[in-house]
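Here is a short report on one protein chain. Please keep the sequence and the 3D view open while reading.

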Amino acid sequence: MSNLFAPIQVGAFDLGHRVVLAPLTRMRAEMPGNIPGPAMVEYYSQRASQGGLLITEATFISRQGNGGYASPGIEDDAQAKGWRPVVDAVHAKGAKLVLQLWHVGRSSHSTLQPGGGQPVARSKAAPGR
Ligand SMILES: Cc1cc2nc3c(=O)[nH]c(=O)nc-3n(C[C@H](O)[C@H](O)[C@H](O)COP(=O)(O)O)c2cc1C
């Protein structure tokens with residue numbers, strides 16, 4: 001009989017248990033720059049355990065795809081570098097980390113856009129709308 005503490009294979013990962021961290025937007029990146037910093041290292045490290053799997057908060061892949069203040073990105077070198085200590089801290093505890101990527105599209109806001117522009121809009125109206 002399986003239980004939360006039984007090993008399981010999930011895709012490429014051999015997990016030691018089934019207590020997985022769901023993606024949770026925390027908005028703890030360093031500002032300005034939306035760069036993962038010490039608060040995020042602490043947050044993910046606290047939730048990592050031997051054989052575990054953590055899915056990160058949604059992380060924007062383009063500046064226009066940012067959906068919230070202090071939401072982390074991975075669209076420039078400083079952000080990518082900021083993730084390294086997060087990954088290292090999680091790996092040091094024997095867990096895996098999967099980065100959830102997003103682009104929020106038109107649900108962004110002009111205050112988050114480069115130059116205060118409008119968020120990207122859908123390029124074509126869906127049929128019947
Ligand atoms: C504060 C908060 C932030 C969240 N951020 C994300 C996120 O960044 N990406 C995502 O896919 N889901 C996000 N979720 C959804 C959670 O992953 C989801 O609530 C969790 O998996 C439990 O599922 P349930 O709400 O259907 O019970 C968020 C939920 C909350 C409450």
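Is Ser-45 buried or exposed? The model is predicted, and in it Ser-45 is buried, because its relative accessible area is 18% and the cut-off for buried is under 20%. Ser-45 sits in helix α1. Leaving aside residues up to four places away in sequence, Ser-45 touches Ala-89 and Lys-93.

**Helix α1**

**Helix α2**

Helix α2 has 16 residues. From its first C-alpha to its last it reaches 23 Å, close to the 22 Å expected at 1.5 Å a residue. Its buried residues are Gln-79, Gly-82, Trp-83, Val-86, Val-87, Ala-89 and Val-90. They cover an arc of only 160° around the axis, which puts them on the same side of α2. An α-helix has 3.6 residues a turn, so residues three or four places apart point the same way. Which residues are exposed on the other side of α2? Asp-77, Lys-81 and Ala-92 are exposed there. The buried residues of α2 pack against α1, β4, β5 (59-60) and β6.

**The nonpolar core**

How many residues does the largest nonpolar core have? It has 13. Met-40, Tyr-44, Leu-54, Val-86, Val-90 and Leu-97 have the most contacts inside this core. Two or more core residues come from each of α1 (38-47) and α2 (77-92). The largest share, 4 residues, comes from α2.

Tyr-44 deserves a look of its own. Not counting residues up to four places away in sequence, Tyr-44 touches Leu-21, Leu-54, Ile-55, Thr-56, Glu-57, Trp-83, Val-86, Val-90 and Leu-97.

**Aromatic pairs**

A pair of aromatic rings is described by the distance of the centres and the angle of the planes. How many aromatic pairs does a search of the whole structure find? The search finds 2. They are listed below.

| Ring pair | Centre distance | Plane angle | Class |
|---|---|---|---|
| Tyr-43 and Tyr-44 | 4.8 Å | 90° | edge-to-face |
| Tyr-44 and Trp-83 | 6.3 Å | 50° | tilted |

The pair of Tyr-44 and Trp-83 links distant parts of the chain. Tyr-44 lies in helix α1 and Trp-83 in helix α2, 39 residues apart. Ring pairs link Tyr-43, Tyr-44 and Trp-83 into a cluster. Tyr-43 and Tyr-44 are both buried, and Trp-83 is buried as well.

**The sheet**

Now the strands. An open sheet is formed by 3 strands in the order β3-β4-β6, with parallel pairing. Why is one side of β3 (20-21) and of β6 (96-98) left without a neighbour in the sheet? Both stand at the edges, each with a single partner strand, so one side of each has no neighbour there. Strand β3 is joined to β4 (residues 53-55) by 2 bridges, and the two run parallel. Within this pairing, Val-20 stands opposite Leu-53 in β4.

**Back to the start**

Terms used: Residues numbered from 1 in each chain as written. Predicted model: local features only at pLDDT ≥ 70, side-chain atom pairs only at ≥ 80, totals over all residues. Heavy atoms only, no water. Core = buried A, V, L, I, M, F, W, Y, C linked by side-chain atoms within 4.5 Å. Buried < 20%, exposed > 50% of the residue type's maximum accessible area, 1.4 Å probe, protein only. Contact = heavy atoms within 4.5 Å. Pairing = 2+ DSSP bridges. Phe/Tyr/Trp six-rings, centres within 6.5 Å; stacked < 30°, edge-to-face > 60°. Expected span 1.5 Å × (residues − 1). Arc of directions from axis to C-beta.
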